[in-house]
Amino acid sequence: MYDIAIIGGGPAGVSAAINAKILNQSYIWLASRPTSKKVERAELIKNYPGLPNVTGEQLAWAFLHHAESMGIEMTNAVVTGVYETGGKFTLLAGDRDFDAKTVILCLGVEASKPLEGEEEFLGRGISYCATCDGMLYRGKNIAVVCTDKRFEHEIEYLCSIAGTCCVFPLYRGCEIKPQNAKIILKAPVKFEGDTRVKRVVLKDGALDVDGVFILKPAISPATLVHGLRVEEGHIAADRKCATNIPGIFAAGDCTGRPYQYVKAAGEGNVAVHSAVEYIANLK
Ligand SMILES: Cc1cc2nc3c(=O)[nH]c(=O)nc-3n(C[C@H](O)[C@H](O)[C@H](O)COP(=O)(O)OP(=O)(O)OC[C@H]3O[C@@H](n4cnc5c(N)ncnc54)[C@H](O)[C@@H]3O)c2cc1C
């Protein structure tokens, strides 16, 4: 079991990983991509102390290089659930799970809200995890909503199991090949059903399905961690980055404005110190 599990590869997550290493904690650092898009995409950054006029790409490289130079490894995975069991937290990521005494959420803020029905039917026919739940749909009719080309191998895996697979690529240049895949270049509007999801509703019609997979790099905090207090779209956290769940801390954009690199990195540091204090009090 790890002392600390860190989720997220932006400035908050990098800072948390660096400080966990410096404080000699055992940790696992999970992130859906090696660096944050929000860092890579910045044209010119003027407010990062010590690095005037740095580009986003340069800063992203500096973050990665800093971590690598300290022997810090990131595990590339999307965490789809955090569950509290017997005094520890279990994190699910694809077909793997990780146990930790504390969790630091460095999730950033989601650009898009969950679709209507997404959270209602999650676990009742809607899944975020191809490898965890794909086998349940052998020979069945499924829909796959995918927001990022990087997950195309997961679409292909689902197609290899399902009977028919309606794929909604919400990105340009979908290149999947399976014969049973039907690519639909429209965005789903909502999901409907009764005890389980039954339909994907489009602007101009609906599609009957046995199951739906939603493949995206980030999941809303309240869906990720059951019982987590979220206020106006942000995780409620105090000055020690503590959330309403003892042992779970949050840092960066996910705790609220201002959305800034320095604030995110600062909170990543604070969250690790708070996690260490929490672990010391467990003993
Ligand atoms: C174009 C642009 C320019 C900007 N310019 C500036 C600037 O000049 N100065 C400034 O201070 N700020 C700037 N910002 C804001 C800055 O990018 C953010 O404040 C900062 O990146 C927040 O860091 P973070 O670590 O909280 O989150 P993020 O950088 O958003 O990182 C979160 C990471 O966690 C990952 N993640 C989320 N959920 C999961 C999960 N379930 N499992 C695994 N991984 C997950 C995400 O994929 C993401 O990589 C800019 C933002 C943009 C978009």
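Analyst: **Helix packing**

Helix α1 (residues 11–22) packs against helix α3 (residues 56–69) at an angle of about 20°, and their axes are 10 Å apart. Here axes are lines fitted to C-alpha atoms, for helices over the stretch in contact, and angles run from 0 to 180 degrees between N-to-C directions. Helices (H or I, at least four residues) and strands (E, at least two) are DSSP runs, numbered from the N terminus. The angle makes α1 roughly parallel to α3, a term for angles under 35 degrees; over 145 counts as roughly antiparallel, 65 to 115 as roughly perpendicular and the rest as oblique.

The model is predicted: local features need pLDDT of at least 70, side-chain atom pairs count only at pLDDT 80 or more, and totals for chains, interfaces and linings use all residues. Residues are numbered from 1 along each chain as its sequence is written.

α1 and α3 cross in a left-handed way, meaning that the near helix is turned anticlockwise from the far one by less than a right angle; clockwise would be right-handed. On the α1 side the contact is made by Pro11, Val14, Ala17 and Ile18, and on the α3 side by Phe63, His66 and Ala67. Contact means that the C-beta atoms of two residues, placed from the backbone, lie within 7 Å. This contact has 6 nonpolar residues, 1 polar and no charged. In these classes Ala, Val, Leu, Ile, Met, Phe, Trp, Tyr, Cys and Pro are nonpolar, Asp, Glu, Lys and Arg are charged, and the others, Gly among them, are polar.

α1 also packs with α7, at an angle of about 35° and with axes 7 Å apart. The crossing of α1 and α7 is right-handed. Residues of α1 in this contact include Pro11, Ser15 and Asn19, and those of α7 include Tyr261, Glu267 and Val272. By class, the α1 and α7 contact has 9 nonpolar, 5 polar and 1 charged residues.

Asn24, in the loop between α1 and β2, has a positive phi of about 60° although it is not a glycine. Pro258 is in the loop between β17 (248–250) and α7, and the peptide bond from Arg257 to Pro258 is cis, with omega near 0°.

The ligand is surrounded by 34 residues, the closest being Gly8, Gly10, Ser36, Gly108 and Gly252. Such a residue has its C-beta atom, placed from the backbone, within 6 Å of the molecule. α1, β2 (27–31), α2 (37–40) and α7 (261–282) each give two or more residues to this shell. The shell divides into 20 nonpolar, 10 polar and 4 charged residues.
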